[in-house]
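I opened this notebook to record what I looked up in the structure. The entries below follow the order of my reading.

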Amino acid sequence: MPFEVQDLSGTFSVGDIAIALSLSFLLSAMIAWVYRFTHRNVSYSQSYVQTLVILGMLIALIMLVVGSNIARAFALVGALSVVRFRNAIKETRDVGFIFLVMGVGMAAGTRFYTLAIVAAVTISLIIVVMYRFNWFASNVQRQVVKVQVPPDGNYPQHVQDVLITLTSEFELISIESIRGGALTELMYTVRLKKGTEPSELIAKLGERTGGQRVTVLTGYDQTDL
């Protein structure tokens, strides 16, 4: 019995392949640029952005392979289920961009070209508008205050006296013994009164804690004494 090789690529044309991969690349690259433009924090990763582009094209390729064959779809799901990712997603919005490029890749791979273009452009514009006008931002700014005090004496009460004076509200969230019991670390969430600077809070706390370390965390900035 002669050996025969059956090529199933004829189920879609070379033009279909070129259009699907090219369109998924262009739209995924656009989404990646939107991600880069709207990224605010210090956790930006070039590798992640490049992965978005690759993922969009890969999903388009998978959809071309699957086509309308249900058995092939289940086989691919089983094959991909063995893949394990150990990198943690740093921000929840990163997950949204992953699903966005996956959706665009699926639309391009199944030859819903107009849907892929309209969806990618519309959602990208919405993301840019939310970034530009800072939608859903909270005006309530809270700081985390960590104060180290000797375990004996009335130091916690002294700390609270300062917080009552300089903050509009505060809450004790943890008490921890550190340095083998030589010090106690108090952690508060606070909301500074209008016009009060973190440096002023640090100075006042330093006067009441016997010169021990005081730390105020504001977003990604850290101020120490």
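This is a predicted model: local features need pLDDT of at least 70, side-chain atom pairs count only at pLDDT 80 or more; totals for chains, interfaces and linings use all residues.

Residues are numbered from 1 along each chain as its sequence is written, and side-chain values use heavy atoms, with hydrogens and water left out.

**Entry 1: Gln143**

I located Gln143 in strand E1, residues 143-149; strands (E, at least two residues) and helices (H or I, at least four) are DSSP runs numbered from the N terminus. Not counting residues up to four places away in sequence, I found Gln143 touching Tyr188, Thr189, Val190, Arg191, Leu192, Val216, Leu217 and Thr218. Is Gln143 buried or exposed? I recorded Gln143 as buried because its relative accessibility is 6%; buried means under 20% relative accessible area, exposed over 50%, and partly exposed in between (1.4 Å probe, protein chains only).

**Entry 2: the whole chain**

I listed 7 helices and 5 strands for the protein chain, in the sequence pattern α-α-α-α-α-β-α-β-β-α-β-β. Of its 225 residues, 31% count as buried. Among contacts with a separation of 6 or more, 68% come from residues 24 or more positions apart.

**Entry 3: H1 and H2**

I then examined H1 and helix H2 (residues 46-66), whose axes come within 8 Å and cross at roughly 155 degrees. Axes are lines fitted to C-alpha atoms, for helices over the stretch in contact, and angles run from 0 to 180 degrees between N-to-C directions. The two helices are therefore roughly antiparallel to each other (angles over 145 degrees). Their crossing is right-handed, the near helix being turned clockwise from the far one by less than a right angle. The residues in contact include Phe25 and Ala29 of H1 and Leu52 and Gly56 of H2.

**Entry 4: H1 and H4**

I next took H1 (residues 14-38) with helix H4 (residues 92-109): their axes come within 9 Å and cross at roughly 165 degrees. That makes H1 roughly antiparallel to H4. The contact involves, among others, Leu27 and Ile31 of H1 and Phe97 and Val101 of H4.

Terms used: Angles under 35 degrees count as roughly parallel, over 145 as roughly antiparallel, 65 to 115 as roughly perpendicular and the rest as oblique. Contact means heavy atoms within 4.5 Å.
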